[in-house]
Each structure stands twice: as C-alpha cells, then as structure tokens.
Amino acid sequence: MKRTHPYLNKNNLEHEIEEGNTVSLARAITLCESSKISDRKSANELLYKLLPHTGRSLRIGITGSPGVGKSTFIESFGKYLTSLGKKIAVLAIDPSSEKTKGSILGDKTRMEELAKDPNAFIRPTASSQALGGVANATREAILLCEAAGFDIVLVETVGVGQSETAVRNMVDFFLLLQLAGAGDELQGIKKGIMEMADGIVITKADGDNAKRSKQAQAAYQHALHLFQASESGWQPKVLTTSAIEKKGIEEIWKMIEGYHLFANKNNFLSKNRGQQNLQWFRESLDRQIREKIFQSKRLAAKIRTYEKKVMDEKVVPSKAAEEVVRILREF
Ligand code: GDP
C-alpha cells in the first residue's frame with residue numbers, strides 16, 4: 001500500500017494546524033502558494049474547513065523603505081509581544097525580491113531572536129509570482145495563522161510599487177516606518193502612503209539621531225493634521241522608536257491597541273474586513289477569469305494579435321477589449 005506522507009495527509013493537516021503545529025502550518029502555506037490545480041483544490045478544501053477558526057487575530061501591516069529598520073523593529077516588537085504572552089506570526093510580501101536578487105525579506109536570519117521564540121512564526125515571502133498571486137497567498141496565510149492560534153499577524157512589505165496597497169487591503173492597522181531625514185522632513189515621501197497609514201513610527205531614534213527624530217515626529221504629526229479624516233475616524237499618530245535600544249516599543253503597542261479598541265467600538269473593524277473580503281473576491285475573480293482565458297491557446301493567440309494591433313495603433317484599446325469579449329461569448 002502506498003503510504004501518504006504524514007504532513008500531506010489533508011485531514012491531519014487541518015487538525016495539526018488547529019493544534020498550532022507550525023511545521024504543518026508552513027506546509028499549508030506552501031500549498032496555498034502553489035498554482036497547481038490539484039494543490040489549489042486541496043488548499044481551498046483546507047481553508048473551507050478552517051474558516052470557522054479564522055478572523056480572531058489583530059492584523060498589522062508594516063511598511064518602509066529598505067534599510068529603515070523593519071526587521072530590527074519587528075524583532076524587538078515581536079519579542080515584546082511574546083513577552084506579553086501573545087503568539088505572533090510574521091508574513092512578508094516582497095515584490096522586489098525577484099529583480100534585486102538579495103531579497104530583503106526572504107531570509108529568516110534577519111530576525112534571529114524572534115525566529116527562536118516558540119511563540120513566534122516567521123514565514124519568508126513567496127517569490128516567483130506576480131503581486132496578485134503573492135497577495136492572494138498571503139491573505140490565505142493570514143487565515144491559516146489565525147486557525148493555528150496566532151493572536152497577532154504582522155505582514156511586512158517593502159515600500160515599493162503596489163505592494164503597500166495590497167498589504168493595506170488585508171490588515172486592520174497599517175504602520176509606516178520612516179527615518180528622520182536631514183532638512184525637509186517630508187521630502188520624498190509619497191503622500192498616498194501617508195494617507196494609508198494609521199500610524200507612523202520614526203525609527204533609529206537614538207544617539208545623534210534622537211533629536212532629529214523628535215523634530216521629524218512633529219513635522220509628520222503636523223502634516224497628518226492637514227489630511228482629511230480617515231474612513232475609520234481614527235486620527236493617525238506619529239511615534240519614535242529605537243529598536244536597538246528597545247525604546248518606544250510599548251508605546252507603539254499601546255497605540256495599536258488603542259486603535260483596535262476604537263475601531264471595534266465604532267464597528268469599523270468588521271465593516272473594513274467585510275470590504276476587504278469583497279475586494280479579495282473581486283480581485284480573485286478578475287485573476288481567475290484571465291487565467292481561464294489564457295488556458296485556451298486559441299483565445300490567448302487571438303488576444304496576442306489584438307495586443308499587437310493596439311501597440312501599432314491599429315485599433316483603439318477599449319474597442320479591442322470589446323471585440324475580445326465578443327469572441328469570448330462564442331467559446
Ligand atoms: P530593513 O531593511 O528595513 O529591514 O532594515 P534593518 O532592520 O535590516 O536595518 C537596517 C540597518 O539599520 C541595520 O544596520 C540595523 O542595524 C540598523 N538599525 C535598525 N534599527 C536601528 C535602531 O533602532 N537604531 C540604530 N542606530 N540602528 C538601527
């Protein structure tokens with residue numbers, strides 16, 4: 001008789017995850033990252049079974065440019081949270097890893113202390129997929145971590161491209177890490193990202209940098225007041241930290257806890273999650289329809305000819321799309 005690998009026994013996987021087995025959790029996340037049809041089927045079955053056990057964590061997104069101090073902060077913050085008795089999971093989205101090779105989010109050694117903590121689970125980013133696929137897998141990974149009993153899920157991303165928006169759309173609280181810069185504090189920072197943030201933290205507020213960090217804090221706080229109130233009604237806060245000296249960590253947690261209470265009370269949290277699920281569904285639908293279309297070689301070839309025509313300005317793009325949709329009906 002052919003023996004099934006214990007970790008690939010789908011029934012076991014479900015129960016092992018519920019028991020908090022992190023090896024099984026990691027396997028399940030790998031399953032969700034796969035684009036193989038049979039794996040997708042298993043992943044969907046697993047997620048369906050685990051769904052009643054999901055949703056209970058506080059989901060926190062963390063972003064910031066490379067070198068701002070994300071991993072050092074997550075290490076200190078994570079250790080602080082586990083010292084409070086919380087179980088924390090760290091997931092990452094790094095769309096740049098493919099291009100820049102030396103992935104800044106990919107290796108566990110970045111958070112050595114936290115990686116050794118039995119109450120922490122660190123999952124490097126899923127690479128070699130388009131952002132849409134990675135974002136989908138990360139959303140599923142959040143659910144799996146929740147089913148495994150993690151109280152807090154941190155989703156880390158690097159401040160490039162669309163990944164910040166993707167993470168914003170899957171978390172409850174979005175934290176932006178910034179460095180105190182020389183001169184004009186707000187130079188070079190994208191207004192759009194500041195508008196997405198529920199909190200901004202000025203990192204490396206130690207040594208010579210301590211004073212500048214305080215100045216930066218004031219400048220950011222002032223700038224935030226000029227923005228329209230966020231949908232949640234929450235007024236974003238700006239704090240400073242030194243992850244190396246472990247300063248400001250507790251205050252950051254207090255801020256996030258404060259937000260959690262606030263957004264629970266005014267019902268924004270559940271409303272927001274509902275909206276996020278709707279968006280996830282719509283994005284999945286778009287992606288899967290595209291995938292389905294491209295599974296047909298004939299249709300894919302037809303689309304390529306339209307792509308060429310569009311590039312050569314032989315047809316208006318919107319009209320080309322209409323024609324493809326018309327052809328689709330015949331399939
Ligand atoms: P990431 O690329 O955003 O993950 O940044 P890292 O956490 O890898 O940090 C980049 C560099 O900044 C490393 O050399 C860290 O040692 C340093 N660093 C991080 N946090 C602090 C801090 O709180 N104070 C100081 N002085 N340096 C820090």
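This report describes salt bridges in a predicted model.

## Salt bridges in the model

Side chains of opposite charge can pair when their charged atoms come close. In this model, the count comes to 16 salt bridges, where a pair qualifies if a side-chain nitrogen of Lys or Arg lies within 4 Å of a carboxyl oxygen of Asp or Glu. Three of these pairs are described below, including R40 with E140, K116 with E113, and E291 with R287.

## A pair between two helices

R40 and E140 form a salt bridge in which the closest N and O atoms are 2.8 Å apart. R40 belongs to helix 3 (residues 37-50) and E140 to helix 7 (residues 131-147), so the pair ties together parts that are 100 residues apart in sequence.

Is E140 buried or exposed? Its relative accessibility is 5%, and E140 therefore counts as buried, the limit for that class being under 20%.

## Pairs within one helix

K116 is joined to E113 by a salt bridge, with 3.5 Å between the closest N and O atoms. Both residues lie in helix 6 (residues 112-116), and because they are three residues apart, about one helical turn separates them. K116 is exposed, at 61% relative accessible area, whereas E113 is partly exposed, at 41%.

In helix 12 (residues 268-295), E291 and R287 are four residues apart, which means that about one helical turn separates them. The closest N and O atoms of this salt bridge are 3.8 Å apart. E291 is partly exposed, with a relative accessible area of 43%, and R287 is also partly exposed, with a value of 22%.

Note on methods. Residues are numbered from 1 along each chain as its sequence is written. This is a predicted model: local features need pLDDT of at least 70, side-chain atom pairs count only at pLDDT 80 or more; totals for chains, interfaces and linings use all residues. Side-chain values use heavy atoms; hydrogens and water are left out. Buried means under 20% relative accessible area, exposed over 50%, partly exposed in between (1.4 Å probe, protein chains only).
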